[in-house]
Amino acid sequence: MEHWSVEDYKNYSDGKKIKKSKYRANKVSIDGHTFDSQKEANYYCDLKLRLQAKEINGFCLQPTFILAPGLKYKADFIIFHKNNSTEVIDVKGFKTKEYIAKKKVFEDKFNLKITEIE
């Protein structure tokens, strides 16, 4: 038996189709930004607190990297640390084959490691 939230039931009773995420993650909006999961939204909130506490110089949301013509990789965040280093962050609930392949190409091309938050 599947359990529905009140919102799911309302959508059903209103005759609307309920679109479930492929990986069971729910999109979350904060500060006008839509995140693919609650985990990613929570990480964004943590980064805002770290920035306010002056632990980091800044961060960027969803930067896109060109891996090859027609092939892009979109990270979840880049963090700009106090020591002038940068960190590419990907918040992961599930690693697809496509992500694993793009990660390898990204790390080889840019000589940077992707930090995965699981």
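What follows are my notebook entries on this model.

**Ground rules.** I am working with a predicted model, where local features need pLDDT of at least 70, side-chain atom pairs count only at pLDDT 80 or more, and totals for chains, interfaces and linings use all residues. I number residues from 1 along each chain as its sequence is written, and side-chain values use heavy atoms, with hydrogens and water left out.

**Entry 1: the fold.** I looked up the secondary structure and found 3 helices and 8 strands in the protein chain. Helices (H or I, at least four residues) and strands (E, at least two) are DSSP runs, numbered from the N terminus. Along the sequence I read the pattern α-β-β-α-β-β-β-β-β-α-β.

**Entry 2: surface and contacts.** I noted that 28% of the 118 residues in the protein chain count as buried. Buried is under 20% relative accessible area, exposed over 50%, and partly exposed in between (1.4 Å probe, protein chains only). The accessible surface of the protein chain is about 8700 Å², and 52% of that belongs to carbon and sulfur atoms. These areas come from the Shrake-Rupley method with a 1.4 Å probe; for residues, only the protein chains shown count as cover. I also looked up contacts (heavy atoms within 4.5 Å). Of those in the protein chain with a separation of 6 or more, 36% are between residues 24 or more positions apart.

**Entry 3: charged pairs.** Side chains of opposite charge can pair when their charged atoms come close. How many salt bridges does the structure hold? I find 10 salt bridges, each a side-chain nitrogen of Lys or Arg within 4 Å of a carboxyl oxygen of Asp or Glu.

I started with K27 and D36, whose closest N and O atoms are 2.7 Å apart in a salt bridge. K27 is exposed at 60% relative accessible area, while D36 is partly exposed at 40%.

Next I checked D31 and K48, a salt bridge with an N to O distance of 2.5 Å. This pair links distant parts of the chain, 17 residues apart: D31 is in the loop between β1 (28-30) and β2 (33-35), and K48 is in helix α2 (residues 38-52). D31 is partly exposed at 48%, and K48 is partly exposed at 33%.

Then I came to E55 and R50, which form a salt bridge at 3.7 Å, N to O. Salt bridges that share partners also join K95, K103, E116 and E118 into one network.

**Entry 4: S37.** Is S37 buried or exposed? I have S37 as buried, at 15% relative accessibility, in the loop between β2 and α2. Its side chain reaches the backbone nitrogen of E40 at 3.0 Å. Leaving aside neighbours within four places in sequence, S37 is in contact with A25, N26 and V28.

**Entry 5: strands.** Two strands pair if DSSP finds at least two bridges between them. Strands β6 (residues 77-81) and β7 (residues 86-91) pair in the antiparallel sense over 4 bridges, and I79 stands opposite E87 in β7. Their hairpin has 4 residues between the strands, and N84 there takes a positive phi near 70°.

On to β8 (residues 114-117): β7 and β8 pair in the parallel sense over 4 bridges, with V91 opposite I117 in β8. The chain crosses from β7 through helix α3 (residues 97-110) to β8 in a right-handed β-α-β crossover. Right-handed here is a clockwise path from the first strand over the helix to the second, with the strands pointing away from the viewer.

Terms used:
Polar contact = N/O pair within 3.5 Å; in protein donor to acceptor, adjacent residues only side chain to side chain.
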